[in-house]
Each structure stands twice: as structure tokens, then as C-alpha cells.
Amino acid sequence: MAALGSDSWWKKTLYLTGGALLAAAAYLLHELLAIRKEEELDSKDAIILHQFSRPRNGVPSLSPFCLKMETYLRMADLPYQNYFDGKLSPQGKMPWIEYNHKKVSGTEFIIDFLEEKLGVNLNKHLGPHERAVSRAVTKMVEEHLYWTLAYCQWVENLHETQKMVSLFGPFSDLLKWIFCHLTKGIVKREMYGHGIGRFSEEEMYTLMEKDMRTLAGLLGDKKYIMGSTVSTVDATVFGHLAQAMWTLPGTRPERLIKGELINLAMYCERIRRKFWPEWHHDDDNTLYESEESSEASKTYSPLQDFSFYSRTETFDEEGNSISQTPDTDYTGHSLFDSDVDMDEYRDHEQCK
């Protein structure tokens, strides 16, 4: 029994382990909340977009709302400055923007603010009925489909998600494990409060499939959700479907979007290639490229962590200006719909 005294080895081990966990937690808190020591920015007449750091798999964001907001800025052709400081808005939201020292959070309020201040409007071609449909679709995606995809991302597929999270430092692996499991607990708790988390996993996936089939039926063979011209709802739908396309390997959402609901996959590809010319995915293949551009596509620069972006003028790895039009990619090749063949894509996926 003397071995269990105050100086016993097991107590020392417990103290050391507890200290290590506290140190790791403190470092994680610093990484997530402390402002990165980057060049100070002035938001006078400039849009500063605060969002989570880029994940490690080449996708712009694991957050559908961050991806929605950045895609919207590109669709509206509004130059902006990314700032990956990990700092939440005063309302505890991410993403959020600063413009002329005004802070705005919540993607809907951000879009309303930019429309009022800058006069942009992606929905000006829509009639009252189409605007109502757009809002209904937006709420279905953000208040319903979002939760089922979040469950797949942060609960069922947590091991793969952990590989994508971008955290650096001496305890990066431990920190990613802590962060992902904390997020898992938060997602499950919020899903239960929402109500959707009180159903079984199979029931949740049934709801997810209904939402995705609704989107596929609404899209049909159109170029964008509301027709031949992009609108705000496309930024919302793309931000969420992109998670199923590129961040949930082997899961039911990915199999559904790349299989039976192939028109949604082509829709995501269409938007990715038009508004994200520097986003080059590992699964890219010559089905999406001409022979002339297939080799050039391998030289796409990685997504920038801290850089100015304008859709009509961007920069290469060395900071040289590259002219670019909204209907051409990084190499200057056309991105019209004829570049993407749905039948060939379906055959390719079935052969995988």
C-alpha cells in the first residue's frame, strides 16, 4: 500500500498527463482565436473576409458558409482580401467581413449589406416568384441539408476530416484530434437541439437524400438553379454540395452526387471551374480539359492563404498579374458548358 503514497509514480504520471493536455488545449485556443501576425489591413473601401484556414486537401473551406461567402464575392466580381485569423465576429460567427471599419456577420446579412453599399445584385434578373423560390431553397439547404452533411463530416467521417484540418505546431496531430472531437460533440449537441439529431442515422440520411433529390429535380438540365444566369442561391447551393463532392470520400452523399444525381456533380464542376480557376483537385482528369489544357492544369497554383483576389485580375505564385475573363480558366481556355460532358463523366465514375 505504501506504493500508493503521495509521491507514487501513478500520481506523477497523472500530473504530467494533465499538464500536457492543458498545455495542448491552451495552444489550440491560441491557434484558433489569436490573430495571426500578418500585415495589418485597413478596411477602408476594401472587403476583408474573415474565415477559417484552408484545409489540407485543396478545397477552399470545410465550412459551407465560408465557401458560400467567398464564392458569392467571386460571382459578384467584388475584389476582397482573405484574412485567416481564426477570430470570430462579435456575434460568434464565421465568416464575417469588415468594410470601411464596419463589421458584418451572417452570410445573409453580409450579402444584404454589400448590395446596399456597393449596388451589386445577383438576383436583379429574377421576378418575385423566382426570388421566393430562391429563398425557400436557401432555407432548405442552410437549415436542413446543412445538418445532415455536418453529421457526415464531423461524426461519421471524422477520421477523414481530421486529415484535412489545417493546424500546425509541435502538437499538431494532438491538436487536430482535440479540435475534431470537440467539434463532433458540438455538432451532435446542436443537432439534438435543432431536432434533426434526435432521429436515427438512417433516418437522417433519408432526409439528406430527399433534399439532394429536390435540388437535382429543381436544377434539371439548367445551367444554374434559377436558369441560365447565376444568382445568389447558386453560391449557397454550391457551398454545401461542394462538401459532398470533395470533402466526404466514400460516404453516401458523395456516392449519391457522383452517381444517380450526376447533374448536381456537373453543376458543382461548372461553378468550380468558372469561379475558382486556381482550385485544382487531385481527381481532375482529361474529361474536363481539352488535350491542350490537360498538362497546363497540373501547374495550377495552390489556394492562397493570405492574398488579394479579383476575378478579372489575379496573380501567379510569383505575384505577376494574369489577365482572366469570367468565362476562361487560369490558362485562358474556355469554360463553356460544352467543355463538360455528362455522359463521359458518368462512364468514368462507373469505371472507378
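At what angle do helix α4 and helix α7 pack, and how far apart are their axes? The legends below take up this and other close-up views of a predicted model.

**View 1. Packing of helix α4 against helix α7.** Helix α4 (residues 128-156) packs on helix α7 (residues 201-219) at an angle of about 135°, and their axes are 10 Å apart. α4 is therefore oblique to α7. The two helices make a left-handed crossing. On the α4 side the contact is made by Val137, Met140, Val141, His144, Leu145, Thr148, Leu149, Tyr151, Cys152 and Glu156. On the α7 side it is made by Glu201, Met204, Tyr205, Leu207, Met208, Asp211, Met212, Thr214, Leu215 and Leu218. Sorted by class, this contact between α4 and α7 has 14 nonpolar, three polar and three charged residues.

**View 2. Packing of helix α2 against helix α8.** The angle between helix α2 (residues 64-75) and helix α8 (residues 232-246) is about 140°, with the axes 8 Å apart. α2 and α8 are therefore oblique to each other; angles over 145 degrees would count as roughly antiparallel. The crossing of α2 and α8 is right-handed. α2 contributes Pro64, Phe65, Leu67, Lys68, Thr71, Tyr72 and Met75 to the contact. From α8 come Thr232, Asp234, Ala235, Thr236, Phe238, Gly239, His240, Ala242 and Gln243. Eight nonpolar, six polar and two charged residues form the contact of α2 with α8.

**View 3. The second largest pocket and its lining.** This pocket holds about 340 Å³ of space. Its lining has 16 residues, and Glu108, Asn123, Arg135, Thr138 and Thr232 lie nearest the centre. Elements that each give two or more residues to the lining are α3 (107-118), α4 and α8. Of the elements, α4 gives the most, with five residues. By class the lining has three nonpolar, six polar and seven charged residues. Thr232, one of the residues nearest the pocket centre, is also among the α8 residues that make the contact with α2.

**View 4. The cis peptide bond between Met94 and Pro95.** Omega is about 10° for the bond that joins Met94 and Pro95, which is cis. Pro95 sits in the loop between β2 (80-83) and β3 (96-99).

**View 5. Positive phi at Asp77.** Asp77 is a residue other than glycine with a positive phi, near 55°. Asp77 is located in the loop between α2 and β2.

Technical notes
Residues numbered from 1 in each chain as written. Predicted model: local features only at pLDDT ≥ 70, side-chain atom pairs only at ≥ 80, totals over all residues. Heavy atoms only, no water. Axes fitted to C-alpha atoms, helices over the stretch in contact; angles between N-to-C directions. Helix = DSSP H or I, 4+ residues; strand = E, 2+ residues; numbered from the N terminus. Parallel < 35°, antiparallel > 145°, perpendicular 65-115°, else oblique. Left-handed = near helix turned anticlockwise from the far one by under 90°. Contact = heavy atoms within 4.5 Å. Nonpolar A, V, L, I, M, F, W, Y, C, P; charged D, E, K, R; others polar. 1 Å grid on protein atoms, 1.4 Å probe; cavity = no way out; pocket = protein on both sides within 12 Å on 5 of 7 lines; lining within 4 Å. Points joined across faces, edges and corners; volume = space filled by probe spheres on them.
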